[in-house]
Amino acid sequence: PAEEAEDASKLTKRDRSHLENTLKLNEDKPADDFSGILQRLRKIYHSSIKPLEQSYRYNELRQHEITDGEITSKPMVLFLGPWSVGKSSMINYLLGLDNTPYQLYTGAEPTTSEFTVIMHGPKLKTIEGIVMAADSARSFSPLEKFGQNFLEKLIGIEVPHKLLERVTFVDTPGIIENRKQQERGYPFNDVCQWFIDRADLIFIVFDPTKLDVGLELEMLFRQLKGRESQIRIILNKADSLATQELMRVYGALFWSLAPLINVTEPPRVYVSSFWPQDYHPDTHRDLFLKEEISLLEDLNQVIENRMENKIAFIRQHAIRVRIHALLVDRYLQTYKDKMTFFSDGELVFRDIVEDPDKFFIFKSILAKTNVSKFDLPNREAYKDFFGINPITSFKLLSQQCSYMGGCFLEKIEKAITRELPDLLGSIGLGKKPNVLSCDVTGCGETPKNRYRKP
């Protein structure tokens with residue numbers, strides 16, 4: 001009889017009303033029209049940030065160009081974690097795709113080997129990665145640079161769903177600890193980094209039976225540095241354990257993740273079971289339901305803050321571009337100072353690149369106002385950068401001015417300190433326009449966590 005009861009409970013579906021209410025799926029309110037703000041954001045980017053970015057080839061340092069498609073794209077929610085922890089099941093559950101032709105394939109063995117982008121469309125259709133990357137109106141065109149092997153592992157699914165009108169989900173291949181990068185046939189970590197850089201919310205999903213943290217997972221957390229405020233950790237399948245065991249697993253999860261996330265404030269961990277079947281009998285249904293609702297509220301918050309996040313993202317990008325330009329300018333100035341009529345240019349420059357500290361290159365940038373040490377790129381990166389881009393191919397910042405257009409550096413500084421914060425203020429959220437001043441975020445890599453409930 002106990003087994004029969006369990007079988008019956010497996011078949012009963014969970015009520016979905018809390019999903020619809022929290023995510024406001026039944027409301028027919030028109031979407032906010034931010035087109036005017038997006039136009040201004042695009043204009044600031046093209047006139048004040050891009051010229052400096054191109055002039056100092058920032059893209060070759062961080063592989064990060066911003067397309068118009070990216071400026072106008074919807075918020076992106078990224079699902080990461082070991083294999084078979086329930087990432088695809090969770091997406092199926094949130095979108096109600098179970099037992100429909102649209103559902104993502106799930107199973108006990110590693111099933112998702114592709115990066116799957118689930119987005120809104122008028123009718124169900126699958127889009128090949130090659131087609132997605134070729135369409136410049138979509139924000140995925142920069143993925144072309146990862147090559148043909150990767151594009152074959154990229155797939156888009158359009159689904160007519162209310163939630164997808166406001167957000168895009170990305171399901172990733174599970175992390176398999178004992179598999180080598182080369183076996184995937186494309187640069188898995190670089191692709192993950194591309195998605196991490198653009199995600200508004202990152203769900204890292206764990207299963208109580210798979211808590212071992214290996215090299216691949218460590219690598220992933222290293223890539224998430226500076227994105228701590230976007231990370232949410234999910235202990236999924238929580239109803240498969242007895243209470244005491246669940247407490248132990250929760251402690252073990254924190255124990256294994258603590259060395260990987262070195263922030264003062266631990267990330268939010270949600271403990272629940274994200275799939276359509278009802279919770280196992282004799283488990284903490286109320287707790288799991290509350291946890292699920294607060295996760296949904298988090299998701300909703302990201303959708304509602306999408307414009308602020310976009311402006312903050314572009315501003316963060318501008319800060320990095322400005323620092324890169326200041327550094328290249330400083331390398332070039334040092335080179336010019338050291339050069340004499342008789343010196344060998346290559347030797348002089350090799351000396352500077354090998355030991356920038358001897359010439360106070362990074363220190364002198366830190367002495368400038370509004371540069372945080374957390375924003376400085378790594379010194380090694382510049383050895384590679386100048387290996388491809390000879391120092392003599394750049395101009396000094398003081399020469400990057402024109403009578404009509406003004407100076408590149410002044411324009412990007414004005415965008416960072418005035419134009420973007422003013423744009424944020426104009427969203428009309430009752431926030432002061434100077435919310436993004438350096439006093440608040442320290443102009444560092446880690447803006448304040450805007451999603452934590454006060």
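Mentor: Before we start, a salt bridge here is a side-chain nitrogen of Lys or Arg within 4 Å of a carboxyl oxygen of Asp or Glu. Keep in mind that this is a predicted model.

Trainee: Okay, how many salt bridges does the count come to by this rule?

Mentor: Go through the Lys and Arg nitrogens and keep those within 4 Å of a carboxyl oxygen of Asp or Glu. By that rule, the count comes to 5 salt bridges.

Trainee: Which residue does Lys237 meet in a salt bridge, and which parts does the pair tie together?

Mentor: The N to O distance for Lys237 and its partner, Asp207, is 3.2 Å. Lys237 lies in the loop between strand 7 (231–235) and helix 11 (243–257), while Asp207 lies in the loop between strand 6 (201–206) and helix 10 (215–223), so the pair ties together parts that are 30 residues apart in sequence. The partner you asked for is Asp207.

Trainee: Is Asp207 buried or exposed?

Mentor: Buried means under 20% relative accessible area. Lys237, at 28%, counts as partly exposed. Asp207 has 5% relative accessibility, so it counts as buried.

Trainee: How many residues apart in sequence are the parts tied together by Glu413 and Arg322?

Mentor: These two form a salt bridge, with the closest N and O atoms 3.0 Å apart. Glu413 is partly exposed at 28%, whereas Arg322 is buried at 6%. Since Glu413 lies in helix 17 (residues 408–425) and Arg322 in helix 13 (residues 306–338), the parts tied together are apart in sequence by 91 residues.

Trainee: What relative accessible area does Glu419 have?

Mentor: Glu419 meets Lys414 in a salt bridge, 3.7 Å from N to O. Lys414 is partly exposed, with a relative accessible area of 37%. Glu419 is partly exposed too, and its value is 22%.

Trainee: On to the rings. How many aromatic pairs does the count come to?

Mentor: Ring centres have to lie within 6.5 Å for a pair. By this rule the count comes to 18 aromatic pairs.

Trainee: Are Tyr331 and Phe386 stacked or edge-to-face?

Mentor: The ring centres of Tyr331 and Phe386 are 4.9 Å apart, and the angle between the planes is 65 degrees. The pair links distant parts of the chain, with Tyr331 in helix 13 and Phe386 in helix 16 (residues 379–388), 55 residues apart. Tyr331 is buried at 0%, and so is Phe386 at 8%. Planes over 60 degrees apart count as edge-to-face, and that is the label for this pair: edge-to-face.

Trainee: Are helix 13 and helix 16 roughly parallel or roughly perpendicular to each other?

Mentor: Their axes come within 13 Å and cross at roughly 70 degrees. The crossing is right-handed. Angles of 65 to 115 degrees count as roughly perpendicular, so helix 13 and helix 16 are roughly perpendicular.

Conventions. Residues are numbered from 1 along each chain as its sequence is written. This is a predicted model: local features need pLDDT of at least 70, side-chain atom pairs count only at pLDDT 80 or more; totals for chains, interfaces and linings use all residues. Side-chain values use heavy atoms; hydrogens and water are left out. Helices (H or I, at least four residues) and strands (E, at least two) are DSSP runs, numbered from the N terminus. Buried means under 20% relative accessible area, exposed over 50%, partly exposed in between (1.4 Å probe, protein chains only). Rings of Phe, Tyr and Trp (its six-membered ring) pair if their centres lie within 6.5 Å; planes under 30 degrees apart count as stacked, over 60 as edge-to-face and the rest as tilted. Axes are lines fitted to C-alpha atoms, for helices over the stretch in contact, and angles run from 0 to 180 degrees between N-to-C directions. Angles under 35 degrees count as roughly parallel, over 145 as roughly antiparallel, 65 to 115 as roughly perpendicular and the rest as oblique. A crossing is left-handed if the near helix is turned anticlockwise from the far one by less than a right angle, and right-handed if clockwise.
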